[in-house]
Amino acid sequence: MARGDERRADRKHAVPAHGAGLVFVVLAELHGLPLHCKLRAMLNPIGLTHGHYECRALDETLPIFTDLLAMQVLERGKPDKPHNNHYGVRVARPAEVDAAHEYLEANKARYGLKRVSRPSAQHFARSIYFSEPGGNTLEIEYYDPQAAAEGRSIAAPHWQRELAESDFPGRGYVPQALTHGTLECHDKDASAAFYRDVLGLQIAGGGRISVYIKHPATPWYLVVLPMPKRKKPLRPVNRFTLTLASADDVEKAHRELGSRATELQPIERGESCTSFLFADLDHNWWEVRA
Ligand SMILES: [Fe+2]
């Protein structure tokens, strides 16, 4: 491109749409980046093809692009998360699981639910699963008190005061507590040892198939399930948080976890929070903060 053309292109800097690509090249040249660099770059890109942007609420942001900037939504993705990364809430009576199934089925379109499973019984539990539009699986469960009587501590009520129907009226079911999250692993015993000996969590049950881990101070627990051919590793936004007593403890944990984590991100030091993220033996993400 001749110098005169460059200047004309630069004056058109603010022209939108396809002209912008041309201006980008010209500006780079004017800022002294040679087109024929003798040193080989590390990468050899075939294009600068995508921009990525984050927002607080996608449904609020999308109309800005479509209604004000003439853009089109080409694809609206959702995270591809396995069933075994669900969260579960518990109701106090078995009939509430059936009522929940009925209510969710009746309101499937309203909430964009993709799948609502029929109530099914497993061991002492009775539950339904459903998929919400954001790609997450959720569970509503009931646990027979007999399970707690036989020593399953996780089956004991997770609440001290039972919520009344009037606290969550009109659905026929009342979730009393968020009881569990779920994680996949390759080797149950190795993961249990990591969670106990490295993360300081408690083994709270499990059995032949899974192991349950929790913190002694709170009733909720994580079900860790072996999954030999794991296809969907999670991204760091899907994580559990361990809160430590002080920022110094977070710094120390960062130093000590270094060689044991499969990935370790740098410490973020804010005014009110010091934290970092790491991935465990199975690339499940955790946050450590104070
Ligand atoms: Fe579950």
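1. Confidence in this predicted model is lowest in helix α2 (residues 19-30), where the mean pLDDT is 31, and highest in helix α4 (residues 94-106), where the mean is 98. Over residues 1-34 the pLDDT stays under 50, and for this stretch the model has 16 contacts beyond four places in sequence. Where pLDDT is low, the predicted coordinates should not be read in detail.

2. For the chain as a whole, the average pLDDT is 86, and 87% of the residues score at least 70. The secondary structure comes to eight helices and 14 strands, and buried residues make up 19% of the 290 residues. Of the contacts between residues at least 6 apart in sequence, 50% join residues at least 24 apart.

3. Which residues of α4 are buried? They are Glu96, Val97, Ala100, His101 and Leu104. These residues cover an arc of only 150 degrees around the axis, which puts them on the same side of α4. In general, an α-helix has 3.6 residues a turn, so residues three or four places apart point the same way. The partners against which the buried residues of α4 pack are α5 (108-111), β2 (115-116), β4 (125-131) and β5 (137-143).

4. Strand β13 (residues 274-279) has five of its six residues buried, so the strand is largely enclosed by the rest of the structure. Strand β11 (residues 263-264) pairs with β13 in the antiparallel sense over two bridges, and Leu264 has Phe278 of β13 as its bridge partner.

5. Strand β12 (residues 268-269) also pairs with β13 in the antiparallel sense, over two bridges, with Ser275 of β13 as the bridge partner of Glu268. A hairpin through four residues joins β12 to β13.

6. How many bridges link β13 and strand β14 (residues 285-289)? The two strands pair over five bridges, in the antiparallel sense, and Ala279 has Trp285 of β14 as its bridge partner. Five residues lie between β13 and β14 in the hairpin that they form, and His283, in the turn, has a positive phi of about 60 degrees.

Note on methods. Residues are numbered from 1 along each chain as its sequence is written. This is a predicted model: local features need pLDDT of at least 70, side-chain atom pairs count only at pLDDT 80 or more; totals for chains, interfaces and linings use all residues. A residue is buried if 20 or more other C-beta atoms lie within 10 Å of its own, exposed if 12 or fewer, and partly exposed in between; C-beta atoms are placed from the backbone. Two strands pair if DSSP finds at least two bridges between them. pLDDT is the predictor's confidence in each residue, from 0 to 100. Two residues are in contact if their C-beta atoms, placed from the backbone, lie within 7 Å. The arc is that of the directions from the helix axis to the C-beta atoms.
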